[in-house]
Amino acid sequence: LALGPRVRPGVNASAVLRSVVPGEDLVSAALAGKRGEIETWLQNARGEEIPVRVAFLPAGSGSAVAVLTDLTKMRRLEQELRQRERLSLVGQLSAGVAHEVRNPLAGISSSAQVLLGRFEPRDERTRFVKAILDEVERVDRIVTQLLQFARPGEPRWRRGSLAETVRHLLEISGPWLAESGVEVETVLAPRVPESWFDPDLVHQVLLNLVSNAVQAMPKGGKLRISVRPLTRRGVARSVGRRREDMRARSAGRVPSTRVVQVRISDAGEGIAKENLSRLFDPFFTTKPSGTGLGLSICQSIVQEHGGSIHVASRLEHGTTVLVELPVDRRQGERRNR
């Protein structure tokens with residue numbers, strides 16, 4: 001980008017170098033006559049904020065050249081690296097905590113069961129013992145989630161239909177959805193190819209996402225689920241848990257991938273913009289009684305299949321979750337987190 005009086009009239013430099021940092025004037029900095037390089041955020045014509053590196057090169061007679069480098073990809077890779085390191089640490093911690101908690105939990109449960117057997121059914125004290133057992137069960141579920149997050153299981157691959165998996169999920173969830181006042185609209189593409197996946201793990205992911213959608217519509221509403229095949233060309237899939245995922249990405253090998261997309265949309269409360277980037281962080285939750293592990297486990301399962309999961313949302317308008325799983329079976333050696 002050339003700046004200065006000798007440059008032919010055209011696009012106003014200030015319209016291109018629109019920094020989102022208050023008080024930052026990149027045009028004046030470029031025309032100051034000194035070499036320099038800074039990293040900042042610019043706003044493009046669509047209003048999007050883009051991280052860039054700007055290098056200023058003096059061109060004489062009050063002119064300068066600004067060289068812009070888009071840092072979006074670099075920042076994304078840095079973020080993924082930090083997330084993997086954080087997940088590795090959290091996974092180790094979760095496994096240790098889960099092991100230490102489960103043993104005394106079994107003792108509490110056994111003692112409460114013995115105590116409950118010594119009371120008459122009409123004894124008022126039984127309700128306190130039952131409350132203990134209920135809370136023990138709840139903590140045990142949390143411990144199970146911790147272990148699932150820390151040590152996700154190896155998928156048991158089967159060739160099957162994701163469309164049938166969705167049908168089965170809605171069939172067994174029908175009464176619960178009806179009681180919640182949720183109307184389900186299903187759109188299944190006519191020719192969805194069979195793919196390799198673990199039916200139990202994928203069922204767990206979809207059930208969690210449907211449950212989140214129902215909770216986002218406490219007064220009921222419309223839930224739309226669609227399944228369709230897609231071909232992703234030249235788009236790197238999310239970092240999975242196979243060693244070749246990282247090698248292929250580092251080498252720039254990004255082949256076309258056939259996927260099946262499951263789209264789950266609700267008309268609920270929506271998610272605040274500032275929370276969208278944290279949805280898959282372990283222990284982050286906006287629910288009063290949530291553990292913050294549900295979506296983290298979902299992401300881990302989907303990535304283990306070599307797929308991706310994304311969330312788009314707007315407050316008071318609803319949320320859409322996109323789950324994409326590759327048609328072909330995953331190959332290669334698993335890597336650590």
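Predicted model: local features only at pLDDT ≥ 70, side-chain atom pairs only at ≥ 80, totals over all residues.
Me: Which side chain does E185 meet in a salt bridge?
Reply: The side chain of E185 meets that of K222, at 3.0 Å from N to O; a salt bridge here is a side-chain nitrogen of Lys or Arg within 4 Å of a carboxyl oxygen of Asp or Glu. K222 belongs to strand β8 (residues 221–232) and E185 to strand β6 (residues 182–188), so the pair ties together parts that are 37 residues apart in sequence. For those labels, helices (H or I, at least four residues) and strands (E, at least two) are DSSP runs, numbered from the N terminus. K222 is also partly exposed, at a relative accessible area of 40%.

Me: How many salt bridges does a search of the whole structure find?
Reply: The search finds 10 salt bridges. One of the pairings is R258 with D328, whose closest N and O atoms are 3.5 Å apart. R258 lies in strand β9 (residues 257–266), whereas D328 is in the segment after β11 (318–326), so this pair ties together parts 70 residues apart in sequence. R258 has a relative accessible area of 44% and is partly exposed, and D328 counts as partly exposed at 47%.

Me: And R138, which residue does it form a salt bridge with?
Reply: R138 pairs with E135, and their closest N and O atoms are 3.2 Å apart. Both residues belong to helix α4 (residues 126–150), and because they are 3 residues apart there, about one helical turn separates them. As background, an α-helix has 3.6 residues a turn, so residues three or four places apart point the same way. R138 is partly exposed at 37%, and E135 counts as partly exposed at 40%.

Me: Which residues are linked in a network of salt bridges?
Reply: E37, E39 and R53 are linked in such a network.

Me: Staying with α4 for a second, is T126 buried or exposed?
Reply: T126, which lies in α4, counts as buried at 8% relative accessibility. Leaving aside residues up to four places away in sequence, T126 touches L116, F119, E120 and P121, where contact means heavy atoms within 4.5 Å.

Me: New topic: how many residues of helix α9 are buried?
Reply: Helix α9 (residues 294–304) is mostly covered, with 11 of its 11 residues buried. Just after α9, G306 takes a positive phi of about 80°.

Me: How do the axes of α6 and α9 cross?
Reply: The axes of α6 (residues 199–215) and α9 come within 10 Å and cross at roughly 145°; axes are lines fitted to C-alpha atoms, for helices over the stretch in contact, and angles run from 0 to 180 degrees between N-to-C directions. The crossing is left-handed, a term used if the near helix is turned anticlockwise from the far one by less than a right angle, with right-handed used if clockwise.

Me: Which residues in α6 and α9 meet?
Reply: From α6, L201, Q204, V205, N208, L209 and N212 meet G294, L295, I297, C298, I301 and V302 of α9. The residues of this contact divide into 8 nonpolar, 4 polar and no charged, where Ala, Val, Leu, Ile, Met, Phe, Trp, Tyr, Cys and Pro count as nonpolar, Asp, Glu, Lys and Arg as charged, and the others, Gly among them, as polar.

Me: Where does Q215 lie?
Reply: Q215 lies in helix α6 and is partly exposed, with a relative accessible area of 42%. Q215 and G268 are 53 residues apart in sequence and 8.3 Å apart in space, C-alpha to C-alpha.

Me: Last one: how many helices and strands does the protein chain have?
Reply: The secondary structure comes to 9 helices and 11 strands, and of the chain's 337 residues, 38% count as buried.

Note on methods: Residues numbered from 1 in each chain as written. Heavy atoms only, no water. Buried < 20%, exposed > 50% of the residue type's maximum accessible area, 1.4 Å probe, protein only.
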